[in-house]
Structures are given as C-alpha cells and as structure tokens.
Amino acid sequence: MSTFNWWGDWRPTLTPHTGNLQPTDLIECTSIVGGATVNTAITGAQIIAAASGGSATWGGITGTLSSQTDLQTALNAKQDTLVSGTNIKTVNSTSLLGSGDISLPSNKIAIGTNVTGTIANTISANALLPANTLVTGKPCMIHLKARGRRVSGASAVIACGMYRNTSVSLSGATFLGQIQIGATNTLGQLERHLFWDGAGNISVHFPATLVSDMINNGSYTTSVINPAVDNYFLYTIQCSNAGDTGQMQWGLYIIYA
Amino acid sequence: MLNTFTYNEIEYTITGPIEVISDTQLHVETDKGIILVDDTMDIYKELTNG
C-alpha cells in the first residue's frame, strides 16, 4: 500500500463545476502530522492571487527581445537620442540641443538720431554685432548699408561715415568708409562689404570716399576683430556747418554666411 | 617720431598719413586699419603736438 504525505479533494459540500478555477472554490488538503490528520483549506482566490503574481519585480527579459512584439513595437516608435552634428544639424556651428533661444543676428537695422550743433564726427546710429556671431573657421561676408540725409540747412557738405568698435564710441574706432552729401543734396547712400576670414581679421575694400566698394578696384585694408566680444557698427554724421542738421536715416548690416 | 601706440590693450603701428577730420578728431592709418583718434585718447595729444 502506498503512503501519501498529502492528499486532497474539492470540499464535497460545494457545487461541482467545469472550466476555470473560481475564487469561491475551496480545496481541502490533508496531511499526517504526528500520526494525526490535519486539514488545510485553500481557496480558489488564494490560488488565483498567487498565480497572478501580486506586486511585480522587474528584471532582465530572458529570450529574444524582438519576440516581445508589443514591447518591440513601442521601442521602434521611439526617437533616437539627439546627438548634435550626428542626427540633428547645427545652425552656424551652434548646437540646437538644450533649452533656450538662439537669436539670429542678420539684417540688423538701426534708426539714426539727428546730429547738429557740432562739426565733429558724431554717431547717429549703431547696430550691434553680438559676441560669437562670427565663428572661427567659418568665413562670411558682412554687407553694410546706410543712408544719410540732410534734415535742415543747405550751406555745406555733410559727411556720412561707417566705423566699427567694441563699444558705441568713436574713440579708437576702425574707419570703414565715408561719403559726402553735397551742399545742395538731401540724401546720400553708401555700402561696404566686409570679409571675415574666419581667423580673426576683417578686410574691407577701400575706396574710402566712394558710395560703394562694388564699383572700384581699390586696395584692401585689414583690421583685427575679436569675435568673442560684442562689436558695433557705427553710422556717423559730420556736418561741416554746425548750423546744419544731419541724420543717418537708417543703417543696417546683413551677414552672408 | 612716434610710430606706435596702445589703446584698449591693442598695439597699433602707424603706417601712413594722419588726417585731421575735426578740431578734436584724427584719422590715423595703422597696421590695423584707419583708426579714429580723438582728444579723449592719450595718443591724441602726442600726435597733435608732434
């Protein structure tokens, strides 16, 4: 005769059924302890809870990941981590990663103020070239344009000039070009094309008193610029008669990178 | 004759003519372009007395 440590059965008083285990099912197990029978009741609810696992403990997925089709589909829908210069481009060598704003410096325009009561060369307008706009290793051209006008007076010429400096001051500023509005004229426009060599220097075609540097094969002048600090383009008025009033109506620059 | 000056920690070498553009301002041709020198700069007095 065989000896059993455990045996059990459905509790005989419950209504029998077929199909899945139900929470109300009750199984009675019996064992022999010290020569006496001990009954242990296990409910269907206890078995279902144990089978569904309770609180999950996550670990490594065994088997092939791609066989976890729903997980693999969700992973496939995710975007790769952005890596500047690899799967996302830069703008003028500036990374787009992270928060914040990247301002675009091109097409800066400045409206001038009146200059009168002096025959000294005087700033009428300025346009900021922000630090690090010019990038080492990235040559570019800067096109400066400006229009001066005679606001009042008609007795003498008015000079309209362009300079560059690291502050809004003419002291130590680098001269870029100048034209003169004749005694009977009211407007004068000038333009200059600066070339940033990507290494620390700016050169400008130097027909100093011509309206445009595109109409003459004059010489070049080169000046050192520190691109790591703010620079300013200064648009100046110089009245040869202190009683006249002149103005840089507007001055602007455009960067062609 | 003075042929170099320093302003804002940049040393300039005078390479060409000095033009008087007003009673307080000069255009000075240097190795770093034409620089406006005015009477707020130490070099102005030296250049106008020279």
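Tutor: Let's start with A:Glu191 and A:Lys145, whose side chains form a salt bridge with an N to O distance of 3.8 Å. The term stands for a side-chain nitrogen of Lys or Arg within 4 Å of a carboxyl oxygen of Asp or Glu. This pair joins distant parts of the chain: A:Glu191 lies in strand 10 (residues 187-196) of chain A and A:Lys145 in strand 7 (residues 140-152), 46 residues apart. Strands here are DSSP runs of E with at least two residues, helices are runs of H or I with at least four, and both are numbered from the N terminus. A:Glu191 is buried, at a relative accessible area of 15%, while A:Lys145 is partly exposed at 26%. Buried means under 20% relative accessible area, exposed over 50%, and partly exposed in between, with a 1.4 Å probe and protein chains only.

A word on the model itself: it is predicted, local features need pLDDT of at least 70, side-chain atom pairs count only at pLDDT 80 or more, and totals for chains, interfaces and linings use all residues. Residues are numbered from 1 along each chain as its sequence is written, chains are lettered from A and ligands numbered from 1 in the order in which they are written, and side-chain values use heavy atoms, leaving out hydrogens and water.

Strand 7 of chain A also holds A:Arg150, and its partner A:Asp244 sits in the loop between strand 13 (231-239) and strand 14 (245-256), 94 residues apart.

Over all chains, the count is three salt bridges. Chain B has one between B:Lys32 and B:Asp31, again with its N to O distance at 3.2 Å. Here B:Lys32 is buried, with 18% relative accessible area, and B:Asp31 is partly exposed at 39%. As background, side chains of opposite charge can pair when their charged atoms come close.

As a setting for that pair, chain B contains four strands and one helix, in the order β-β-β-β-α from the N terminus. Of its 50 residues, 42% are buried. Chain B exposes about 3000 Å², with carbon and sulfur atoms supplying 46% of that area; accessible areas come from the Shrake-Rupley method with a 1.4 Å probe, and for residues only the protein chains shown count as cover.
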